[in-house]
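Let's take a walk through this structure together. Please have the sequence and the 3D view open as you read.

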Amino acid sequence: MIGKIKKFLLMVRIKEWRAFFLIFLFGFFISKGYSFGFIQNIFLFFSFFCFLTFGYLLNDCFDTKEDSFDRTKINILLKSNLSFKKTFFLSLAFVSLGLIFVSIGGKNVFFLSLLAVISVFLYSVPPFRFKAKPFLDLLSHGFFAGVFFFLLPFFFFNQKIDNKIFWLSFLIFYIFVLLEIRNHLEDYEFDKKAGLKTTVCFLGKEKSEKMISFLILIFPLLLFPLFLKKSILSSFYVLSSLLFLWLFSQNTKNYRLFDLYVAFVFILLLLM
């Protein structure tokens, strides 16, 4: 039984969930979700697991063509005996469970989750398949992969969403747009072979690399409104931003450096 669970978690690529889980945790701590009941938190975390599992399973159903070109890709249909039909209905089972458990938080969080579910369908499923449409791939991924998981705890616990949270939501949307560009840059050759028209395929690899470098370089400026309050943490933000800009300008393809910078400033925001 344990072996089957481990195999399933491997198939849904749980090791790739880091960014989603960290953004979800960030929203959980900012919304002070830890101050609510243990059972409520169990429902919230289980809903998160169900929604992310649904997204990966549904995506695998319609990604077999491009994933077949990349032997390193883990696609549950290509790496297991599960059929398209079984995988599709399994994804529906998980999303149904997620919607049931998240509805404990009220109608607002239910409708937010329903909107995210619809956006995942639009992202993955033909004939819409925003994933293969220039710029729609970035917009849809920024919402359901970033903003939704960040705001989920706020809506679940009916916490106030002020101007700071709105701006953080925009920044998280921005970060997940960058992550989508990075993913498409990594998959560029495979996506081209599969005939996909992602933003990166549409613009070309060179233009896309220039675009993401520019967007990364202006990111520290977008953080500035959150650090207007004079404090030692604001000083850390300024110093770390200057150091990051200098280091990144030396190698504009060092995206891991950007990951470290984002993690550091988000820790600062948690401490404020």
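Which residues does K131 touch, not counting residues up to four places away in sequence? K131 touches N59, D63, Y123, D137, H184 and T198, where contact means heavy atoms within 4.5 Å. You will find K131 in the loop between helix 7 (107-124) and helix 8 (136-156). With a relative accessible area of 12%, K131 is buried; buried stands for under 20% relative accessible area, exposed for over 50%, and partly exposed for in between (1.4 Å probe, protein chains only).

A word on what you are looking at: this is a predicted model, in which local features need pLDDT of at least 70 and side-chain atom pairs count only at pLDDT 80 or more, while totals for chains, interfaces and linings use all residues. Residues are numbered from 1 along each chain as its sequence is written, and side-chain values use heavy atoms, with hydrogens and water left out.

Now for the overall fold. The protein has 14 helices and zero strands; helices (H or I, at least four residues) and strands (E, at least two) are DSSP runs, numbered from the N terminus. The radius of gyration of the protein is 19 Å, close to the 19 Å that the globule rule gives for 272 residues, so the protein is as compact as a globular protein of that length. Here the radius is taken over C-alpha atoms, and the rule is 2.2 Å times the number of residues to the power 0.38. Along its principal axes, the C-alpha trace spans about 55 × 50 × 35 Å. Of the 272 residues, 48% count as buried. Among contacts with a separation of 6 or more, 72% come from residues 24 or more positions apart.

Let's go inside next. The largest nonpolar core has 78 residues, and F150, F219, L223 and F266 are those with the most contacts inside it. Such a core is a set of buried Ala, Val, Leu, Ile, Met, Phe, Trp, Tyr and Cys residues joined through side-chain atoms within 4.5 Å. Helix 9 (residues 163-186) gives the most to this core, with twelve residues. L223 touches L171, Y237, Y261 and V265, again leaving out residues up to four places away in sequence.

Our last stop is Y255, which lies in helix 14 (residues 255-271). Y255 counts as buried, at 14% relative accessibility. Leaving out residues up to four places away in sequence, Y255 touches R182, L185, E209, I212, I216 and F248.
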